[in-house]
Amino acid sequence: MMGKKISKIYLVVLIAVMPLLITSCKTNDSYPAAEMGIMDIAKYDFSQSNIRLDGEWEFYWKRMVDYDDLQLQSPDTYGHVPGIWNKYWIQGRMLSGQGYGTYRLRVKTNRPRGSLLGLSINTFSSSYKLYINGELVASNGSIASEADLEIGEYRPKIAIFSVPDNAFDIIVQVSNFQHNRGGFWNSLIMGTPEEIYIMQDRVVFRYAFLMGTLIVGFFLYLVIYLLRRELRYTLYFAIFCLLAAIISDILGQLIIMRSFPGLSLASI
């Protein structure tokens with residue numbers, strides 16, 4: 001009887017926590033999306049909220065395009081971001097999950113040259129380098145054109161950069177030989193450094209709270225099962241709590257991997 005009451009309490013807590021995750025990022029979703037590789041945010045007020053750089057990005061398949069190459073090469077397609085490149089069609093064929101390529105977005109802004117902006121970067125599949133014009137500002141793992149040379153890594157990051165001009169390029173080189181879905185999985189969020197750090201702290205706290213609740217539930221129900229083996233449902237609920245904690249971490253902020261630097265992409 002006591003076990004059923006505890007189960008109801010935990011279910012109520014989990015249901016109450018879920019909306020917190022949905023509203024954890026303060027962003028403006030009403031602003032027009034990027035079109036044909038260009039996003040004009042010259043009139044955007046970053047003091048109000050961060051902004052998701054979603055929409056149509058230029059995409060260069062099986063080419064690691066750098067800033068100097070942009071004037072000499074044309075994109076293969078305009079890929080929707082966030083999304084996986086498996087859904088892109090190039091030369092009449094849908095792309096496979098494994099491979100490599102480059103995303104590029106031209107951002108037009110009225111920010112003064114030399115002022116600071118921040119990017120909240122989640123994860124790409126499965127390694128990347130992110131440039132502002134020709135300057136490398138963030139990376140995960142080691143990109144490569146061959147599977148044997150790639151090192152995959154999943155670690156959300158924050159990158160702070162100096163605005164080089166009133167219009168600049170965001171260039172992301174991505175390679176994926178470790179997952180069946182490749183590309184730009186998550187939104188890239190831009191804002192002032194202060195707002196980006198505040199947002200990130202809130203996101204990490206809320207995911208940590210959810211994971212903590214699930215892990216406490218795992219140990220609690222495991223103890224109940226060990227004391228009363230006839231209550232088999234407590235074992236099932238303990239396993240559910242553990243799996244839910246792991247999945248929420250993989251889909252969220254990868255707190256477990258941050259806590260244990262030795263873990264690699266292959267570990268998950």
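Serine 175 counts as buried because its relative accessibility is 0%, where buried means under 20% relative accessible area, exposed over 50% and partly exposed in between, computed with a 1.4 Å probe on protein chains only. This is a predicted model, in which local features need pLDDT of at least 70 and side-chain atom pairs count only at pLDDT 80 or more, while totals for chains, interfaces and linings use all residues. Residues are numbered from 1 along each chain as its sequence is written, and side-chain values use heavy atoms, with hydrogens and water left out.

Serine 175 belongs to strand S14 (residues 167–176); strands (E, at least two residues) and helices (H or I, at least four) are DSSP runs, numbered from the N terminus. Leaving aside residues up to four places away in sequence, serine 175 touches several others, including Met64, Tyr100, Ser126 and Glu150, where contact means heavy atoms within 4.5 Å. Ala144 is also among the residues that serine 175 touches, and a polar atom of the serine 175 side chain lies 3.2 Å from the backbone nitrogen of alanine 144.

The aromatic rings come next. The structure holds 16 aromatic pairs, and rings of Phe, Tyr and Trp (its six-membered ring) pair if their centres lie within 6.5 Å, with planes under 30 degrees apart counted as stacked, over 60 as edge-to-face and the rest as tilted. One of these pairs is formed by phenylalanine 59 and tyrosine 103, which are tilted, at 4.8 Å centre to centre and with 50° between the planes. This pair links distant parts of the chain, since phenylalanine 59 is in strand S4 (residues 55–61) and tyrosine 103 in strand S9 (residues 99–108), 44 residues apart. Phenylalanine 59 and tyrosine 103 are both buried. Phenylalanine 124 and tyrosine 128 also form a tilted pair, because their ring centres are 4.6 Å apart and their planes are at 45°, and both of these residues are buried. One aromatic cluster includes Phe59, Tyr103, Phe124 and Tyr128, with Trp57 and Phe184 also among its members.

The peptide bond from valine 81 to proline 82 is cis, with omega near 0°, and proline 82 is placed in the loop between strand S5 (77–81) and strand S6 (83–84). Another cis peptide bond runs from serine 125 to serine 126, with omega near -5°.

Note on methods. A polar contact is a pair of N or O atoms within 3.5 Å; within protein, one must be able to donate a hydrogen and the other to accept it, and residues adjacent in sequence count only if both atoms are side-chain atoms.
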